[in-house]
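Have the viewer open as you read.

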Amino acid sequence: MQLKWMGEYRDIVEALIHYCNIYAAVYKTEKMEYEGITYSYAQIQVVEYLLENEERRDNMTAIAKRLGITRSNFTKIVKRLEEKGLVEKKYLSGNRKSMTVTVNKTGKSLYNAYSEKIYAWHFLPMFEHLQKIPPQYRSYVRDALYALTNGSDYTKSASYK
């Protein structure tokens, strides 16, 4: 049976589904290792966004939203990172709901080692293909990917607000 609703975009949808399924299978698995510390993609993404947040100064809810995860999942990952000795939490003005999370020296070293590897074997091939798209049109690719989640009830749930 031919699936007409995808039309001329079938090959792009298939590539996206292929990537998402592979990524979903390994997202929470702690198979990567740095100096005896194992970690997952979910955890390293939180480290990455926390590092970016040193300049952005978003609150924790905003970081979770940028990542596309719930606040409660974000909190669980931060707790796990703290247990691993990669981040530090500081409560502001004695309020347990108002806190900052920063990546410590060990977390930064882990992230630097990870970023060198992930760039070379994962993202560089994609970047080489994206270079074929003129810079002024690359935002269309980004916008198309974000449009996938704009119509999703999953991201409109109370835990994402």
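This is a predicted model: local features need pLDDT of at least 70, side-chain atom pairs count only at pLDDT 80 or more; totals for chains, interfaces and linings use all residues.

Residues are numbered from 1 along each chain as its sequence is written, and side-chain values use heavy atoms, with hydrogens and water left out.

H2 covers residues 41-56, which is 16 residues, and runs 22 Å from its first C-alpha to its last, close to the 22 Å expected at 1.5 Å a residue (the expected span is 1.5 Å times one less than the number of residues). Helices here are DSSP runs of H or I with at least four residues, and strands are runs of E with at least two, numbered from the N terminus. Quite a list of H2 residues is buried, including Tyr41, Ile44, Val47 and Leu51; buried means under 20% relative accessible area, exposed over 50%, and partly exposed in between, with a 1.4 Å probe and protein chains only. As a reminder, an α-helix has 3.6 residues a turn, so residues three or four places apart point the same way.

What does its side chain reach? The side chain of glutamine 43 gets to the backbone nitrogen of serine 40 at 3.1 Å. That is a polar contact, meaning a pair of N or O atoms within 3.5 Å; within protein, one must be able to donate a hydrogen and the other to accept it, and residues adjacent in sequence count only if both atoms are side-chain atoms. Setting aside neighbours within four places in sequence, glutamine 43 is in contact (heavy atoms within 4.5 Å) with Glu30, Thr38, Ile77, Arg80, Leu81 and Lys84.

Now step back to strand S2, where tyrosine 39 is found. Is tyrosine 39 buried or exposed? At 5% relative accessibility, tyrosine 39 counts as buried. Not counting residues up to four places away in sequence, tyrosine 39 touches a set of residues, among them Thr29, Met32, Ile44, Lys84, Leu110 and Tyr114. Tyrosine 39 and leucine 81 are 42 residues apart in sequence, yet their C-alphas are 8.6 Å apart.

Glutamate 35 lies in the loop between strand S1 (32-34) and strand S2 (37-39), and its phi is near 45 degrees, positive although the residue is not glycine. Glutamate 35 is exposed, at 67% relative accessibility. Arginine 57 follows H2 and lies in the loop between H2 and helix H3 (60-67). Its phi is also positive, about 65 degrees, in a residue other than glycine, and arginine 57 is exposed too, with a relative accessible area of 68%.

Zooming out, the protein has six helices and four strands, in the order α-β-β-α-α-α-β-β-α-α along the sequence. The C-alpha trace spans about 60 × 35 × 35 Å along its principal axes. Of the 161 residues, 25% are buried. Among contacts with a separation of 6 or more, 43% join residues 24 or more positions apart.
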